[in-house]
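Thanks for coming. I have one structure to go through today, and I will take it piece by piece.

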Amino acid sequence: MNNSVGLYPLVQNETIKIWKKKRFLVILLILAALIPMFTYAQLKVAQNNKKQFGTQDWRLETQQQINDYTNRLASNRVPEEWKKVMRVQVKVLQYYLDQNVDPKAPNGVTFTRTFMANAIGLFIPLMVMVIASDLVSSEHSTGTIKLLLTRPVRRWKVLASKYIALLFYISLTVVATTALAYLISGLVFGYGGWTLPAFTGFKIVGSEVDLTYVHPVPQWLYLLMELGLVWFAALIVGLMSLMVSVLVRSTAAGMGIMLAVIIAGTILTNMVSSWQTAKYLFMVNLTLTDYLSGRLPPIEGMNLAFSMTVLAVWGLASLVVSFVVFTRKDILQ
């Protein structure tokens, strides 16, 4: 067989097919609808704080948060696991207070990085899953897989083109989410804040916070670091979703599997502190941005390098499984 068809036209074809499904446009519409809601919610929080304290002084708000956490730590009704989280937050908030830096300065950049940090564990993975989970399974349901594989091209090129097209749309999703969050929130909070300092380098040891390596970086750099972690987490979810699409011929079943796994990961992240082996599950390691901000990891001993390694192993394993199954399975039946 003449395998003369190159990879570029295949990637172009896959990119066009994804675009024609209009799922990315649906994602943009969802973002355009939800981000104003989150922006309004943030505005109401700022207004309520002003009513409560009679001022918009962030120092009073931060000190009140520290006092609230401290009072709850003294209560015997609060579980010890929650107390660990609160002790870490007290240390982090106190550090910002001592450095006279508002961690929640109202501006478009702060809103964007906060939004992306909250979206990394569930929202963005769900959007990526919508694009990736039917890239192969839909070919079976429409019958186009037979036409595609009768062309003079190797199977690995067909699958590789789908991965490259997926990589493009994952990147586009992260960029579009960031841009819309900044543009929409900036209408309310302003478009400044790029050079304001943000602290990173917090190291969690047990329930204690090591401040040795904490250092300020401008928000634009912090946002770039955060977006890199968001993109990496989204990439792993995309690889896993495409693997499921290869293994399961039904698009609905593939989406259901990934939806269940991602939601289960969100639940497990808040419940698995005593289940040590759970730290090797990919969905427990998705919230990479927590390591930048100094939040307590889901399981003691986890850190950024560990989580990225676990995710990389899952991603590589999914690639291997996908190519082995796709190239050897009798797909034409």
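Let me begin with a cavity. The largest cavity is lined by Val 284, Asn 285, Thr 287, Asp 290, Tyr 291, Arg 295, Leu 296, Pro 297, Pro 298, Met 302 and Ser 307. A cavity here is a set of points, on a 1 Å grid over the protein atoms alone, where a 1.4 Å probe fits but cannot get out, and a lining residue has an atom within 4 Å of a point. The volume of this largest cavity is about 50 Å³, where a volume is the space filled by probe spheres set on the points, and grid points are joined across faces, edges and corners. Its lining divides into six nonpolar, three polar and two charged residues. For that division, Ala, Val, Leu, Ile, Met, Phe, Trp, Tyr, Cys and Pro count as nonpolar, Asp, Glu, Lys and Arg as charged, and the others, Gly among them, as polar. In total, the structure holds two cavities of 30 Å³ or more.

Now the ground rules. This is a predicted model, in which local features need pLDDT of at least 70 and side-chain atom pairs count only at pLDDT 80 or more, while totals for chains, interfaces and linings use all residues. Residues are numbered from 1 along each chain as its sequence is written, and side-chain values use heavy atoms, with hydrogens and water left out.

How confident is the predictor in the chain? The average pLDDT, which is the predictor's confidence in each residue from 0 to 100, is 85 for the chain, and 89% of the residues score at least 70. Confidence is highest in helix H10 (residues 219–247), at a mean of 94, and lowest in helix H8 (residues 144–149), at 63. Helices (H or I, at least four residues) and strands (E, at least two) are DSSP runs, numbered from the N terminus. Where pLDDT is low, the predicted coordinates should not be read in detail.

Next, the aromatic rings. A search of the whole structure finds 16 aromatic pairs. Rings of Phe, Tyr and Trp (its six-membered ring) pair if their centres lie within 6.5 Å; planes under 30 degrees apart count as stacked, over 60 as edge-to-face and the rest as tilted. Take Tyr 96 and Phe 199: the ring centres are 5.3 Å apart and the planes are at 80°, so this pair is edge-to-face. Tyr 96 is in helix H4 (residues 80–98) and Phe 199 is in strand E1 (residues 197–200), so the pair ties together parts that are 103 residues apart in sequence. Are these two residues buried or exposed? Tyr 96 is buried, at 7% relative accessible area, and Phe 199 is buried at 5%. Buried means under 20% relative accessible area, exposed over 50%, and partly exposed in between (1.4 Å probe, protein chains only).

Ring pairs also link a cluster made of Phe 38, Phe 111, Phe 115, Phe 123 and Phe 189.

Two rings have a charge over them, meaning NZ of Lys or CZ of Arg is within 6 Å of the ring centre and within 35 degrees of the ring normal. The charged end of Arg 113 sits over the ring of Tyr 222, 4.7 Å from the centre. Lys 279 lies over the face of Phe 306, 5.6 Å from the ring centre.

On to the backbone. Most residues other than glycine have a negative phi. Which way does Lys 22 go? Its phi is positive, near 65°. Lys 22 is in the loop between helix H1 (7–20) and helix H2 (23–53), and is exposed at 51% relative accessible area. Asn 100 also has a positive phi, of about 55°. Asn 100 is in the loop between H4 and helix H5 (108–119).

Last, some contacts across the sequence. Ser 185, in helix H9 (residues 155–189), is buried at 0% relative accessibility. Its C-alpha atom is 9.4 Å from that of Gln 42, 143 residues away along the chain. Ile 18 lies in helix H1 and is buried at 4%. Ile 18 and Ala 165 are 147 residues apart in sequence, yet 8.2 Å apart in space, C-alpha to C-alpha. Met 127, in helix H6 (residues 123–132), has its C-alpha atom 9.5 Å from that of Ile 30, 97 residues apart along the chain.

Definitions and conventions: 1 Å grid on protein atoms, 1.4 Å probe; cavity = no way out; pocket = protein on both sides within 12 Å on 5 of 7 lines; lining within 4 Å.
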